[in-house]
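These notebook entries record what I looked up in the structure shown below. I worked through aromatic contacts, strand pairing, the disulfide and a few backbone angles.

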Amino acid sequence: QVQLVESGGGLVQAGGTLRLSCVASGRLLNIIDMGWYRQFPGKEREWVALINRDDRSSYLDSLKGRFIISRDGAKNTMYLQMNSLKPEDTAVYYCNARIRINYGPLFRYWGQGTQVTVSS
């Protein structure tokens, strides 16, 4: 019923910039918050950033100052601006959202992920 689709990943040199997008689609969506996660090969998925309905954001401490999360509520779209990228940022990045549909309960949804590769 709900789909999250990420885009914007790719290959970039160290120090470069990428902007990820995530679009949520479905009927009667009430998005409580949205966030970004990333997963390194063989590792657990880790939280990157979160943005609330009032546009207040939070970040993994090591990413503060480099990554900026934002959203467009009218388009049900979330963005992650990634600046000064480092090789250690190389991972699959996932969109996540907590959504209430048609006044029902809250559920957490995931996108399929988009690969970000940062070369030296």
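**Entry 1: aromatic pair**

I searched the whole structure, which is a predicted model, and found one aromatic pair. The partners are Y37 and W110, in an edge-to-face arrangement with 4.8 Å centre to centre and 65° between the planes. I then located the two residues: Y37 is in strand β4 and W110 is in strand β10 (residues 106-110), so the pair ties together parts that lie 73 residues apart in sequence.

W110, at 34% relative accessibility, counts as partly exposed.

**Entry 2: strand β4 and its partners**

I turned to the strand that holds Y37. Strand β4 covers residues 29-39 and is mostly covered, with nine of its eleven residues buried.

Which strands pair with β4? On one hand, ten bridges join β4 to strand β9 (residues 91-101), and the two run antiparallel. In that pairing I noted M34 opposite A97 of β9. On the other hand, six bridges join β4 to strand β5 (residues 46-52), also in antiparallel fashion. Here G35 has L50 of β5 as its bridge partner.

**Entry 3: W47**

I looked up W47, which is found in strand β5. Its relative accessible area is 29%, so W47 is classed as partly exposed. Leaving aside neighbours within four places in sequence, I listed the contacts of W47 as W36, Y37, S58, Y59 and L60. Y37 in that list is also the partner of W110 in the aromatic pair.

I noted one polar approach as well: a polar atom of the W47 side chain lies 3.2 Å from the backbone oxygen of A49. Finally, I checked W47 against G113: the two are 66 residues apart in sequence, with 13 Å from C-alpha to C-alpha.

**Entry 4: disulfide**

How many disulfides does a search of the whole structure find? I found one. C22 and C95 form the link, with their sulfur atoms 1.9 Å apart. The angle about the S-S bond is -75°, and the link is left-handed. It joins distant parts of the chain, with C22 in strand β3 (residues 18-25) and C95 in strand β9, 73 residues apart. Both C22 and C95 are buried.

**Entry 5: charges over rings**

I recorded two cases of arginine over tyrosine. The charged end of R19 sits over the ring of Y79, 4.0 Å from the ring centre. R45 lies over the face of Y94, at 3.6 Å from the ring centre.

I noted N76, a residue other than glycine whose phi is positive, near 50°. N76 is found in the loop between β7 (67-72) and β8 (77-82). At 23% relative accessibility, N76 counts as partly exposed.

S84 is found in the loop between β8 and β9. With a relative accessibility of 41%, S84 counts as partly exposed.

Technical notes. Residues numbered from 1 in each chain as written. Predicted model: local features only at pLDDT ≥ 70, side-chain atom pairs only at ≥ 80, totals over all residues. Heavy atoms only, no water. Buried < 20%, exposed > 50% of the residue type's maximum accessible area, 1.4 Å probe, protein only. Helix = DSSP H or I, 4+ residues; strand = E, 2+ residues; numbered from the N terminus. Pairing = 2+ DSSP bridges. Disulfide = S-S within 2.5 Å. Contact = heavy atoms within 4.5 Å. Polar contact = N/O pair within 3.5 Å; in protein donor to acceptor, adjacent residues only side chain to side chain. Phe/Tyr/Trp six-rings, centres within 6.5 Å; stacked < 30°, edge-to-face > 60°. Lys NZ or Arg CZ within 6 Å of the ring centre and 35° of its normal.
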